[in-house]
Amino acid sequence: MNRSRPCRVLHVLGSLNRGGAETWLLHALRHTDRSEVAMDFLIHQAEPGVYEDEVRAHGSQIHRCLNPQKMWQYGRQLKKILTEHSPYDAVHSHVHFYSGHILRVARGCGVPMRIAHSHNDTSHFDNQAGLARRAYLRLMSYWLHKNATHGLAASGKAAVSLFGANWQDDPRYQILFCGVDLQPFQQTFEANKIRAEFGWSEENFIIGHVGRFDEQKNHPFLLQIFAEVARRQPAARLLLVGIGDLQPKIKALVEELKLSDHVAFAGTRPDVPRLMLGAMDAFLLPSLFEGLPLVLVEAQAAGLPCFVSDVIAPETTLVAPLMQKLSLQSPPMAWADAILAEQTHFARSAAYELVEQSPLNIQNSARALQQLYLGNPSHSPQALPQELALSN
């Protein structure tokens, strides 16, 4: 497509703090040809996010549109931003069902490409919604289907969650895998030094988890699993990376289970690859639901044996020998059995190579995203190579 200027895209998301979608967008920004595509960001948070300085350093503008719960006031603010900073060639919304309202406003402002992006499978909560919530979901879904020119999803489950069970019948909707920056996983680290930061040594068996402290990540069950592991393997340790509203409750549960000497809360970290490569021996992700957790892609790139709930999308399995899926209905003892019986010795270099070849490599993901904006997308869902599309 011949252009006298770059294609201008406005991404809409909650914040520019560390998170799966936010980190992917930052990495996509780094790997996008800014002479072809210029990305700006609209966020719903007044406080500065940790990624904002780098986003601005790449030449992107950051707009704030607060109080999305006040829908009509928000709509007026969004319309003002789109009008004053026009023209935008695309509005790309990452806020799940609320995208219906955003794309409705964008259409009214004449934005030609309007993209709804599903990063998560929220059906677990949506199916339990009360009357008011169900009415909201129906309205947002109606507006989304009416006003979206494109719909993207991180996985098949994420697509069903936002676009419905028959999403594949609509040519507007497709899978576009988010990607991981693999460059940090090519480095080597001194494991003893990293473990010493937490008071641990090479004698410890360290299970890692990376995720927000909220209901989705299922931390209480994770602690029950680890308590059983630690009962049998006293040298076991648990490294929890992340922050969130439920962190005080989880800390209290750690004390209640008498695991304070076995568990470290690392907070939000910029060096997750370093921790995976230098500290962790295994990765545990018993989430209640997920879209396509990029942290699990990172764990496979690091060569870690992964123990995950069987609700997680099969597209996440890139290195099948490293993946064990277990039912959330299984007791903690069964999960502990699997973790302590793990005998996989899959070369880290081979695991890295499989992830590098996949669409979940940021270079492949960013290329697919840029082609979509420039009008050269594949209208069929992105597919994993057959040898990678293995699920348990």
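His219 touches His209, Gly211, Arg212, Phe213, Asp214, Leu240 and Ile250, not counting residues up to four places away in sequence, where contact means heavy atoms within 4.5 Å. This is a predicted model, in which local features need pLDDT of at least 70 and side-chain atom pairs count only at pLDDT 80 or more, while totals for chains, interfaces and linings use all residues. Residues are numbered from 1 along each chain as its sequence is written, and side-chain values use heavy atoms, with hydrogens and water left out.

His219 belongs to helix H9 (residues 219-232); helices (H or I, at least four residues) and strands (E, at least two) are DSSP runs, numbered from the N terminus. With a relative accessible area of 2%, His219 is buried, a term that means under 20% relative accessible area, as against exposed at over 50% and partly exposed in between (1.4 Å probe, protein chains only).

The sheet comes next. Six strands form an open sheet with parallel pairing, in the order S10-S9-S8-S11-S12-S13, two strands being paired if DSSP finds at least two bridges between them. Its edge strands, S10 (263-267) and S13 (323-326), each pair on one side only. Strand S12 (residues 306-309) runs parallel to S13 and is joined to it by four bridges, and Val308 has Lys325 in S13 as its bridge partner. Helix H13 (residues 332-340) packs on this sheet, touching S8 (205-210), S11 (282-285), S12 and S13, and its direction makes about 155° with that of S12; axes are lines fitted to C-alpha atoms, for helices over the stretch in contact, and angles run from 0 to 180 degrees between N-to-C directions.

A nonpolar core is a set of buried Ala, Val, Leu, Ile, Met, Phe, Trp, Tyr and Cys residues joined through side-chain atoms within 4.5 Å. The largest such core has 104 residues, of which Leu239, Met276 and Phe283 touch the most other members, and helix H12 (residues 294-301) gives the most to this core, with six residues. Among the residues that Phe283 touches, not counting those up to four places away in sequence, are Met276, Val295, Leu296 and Phe307.
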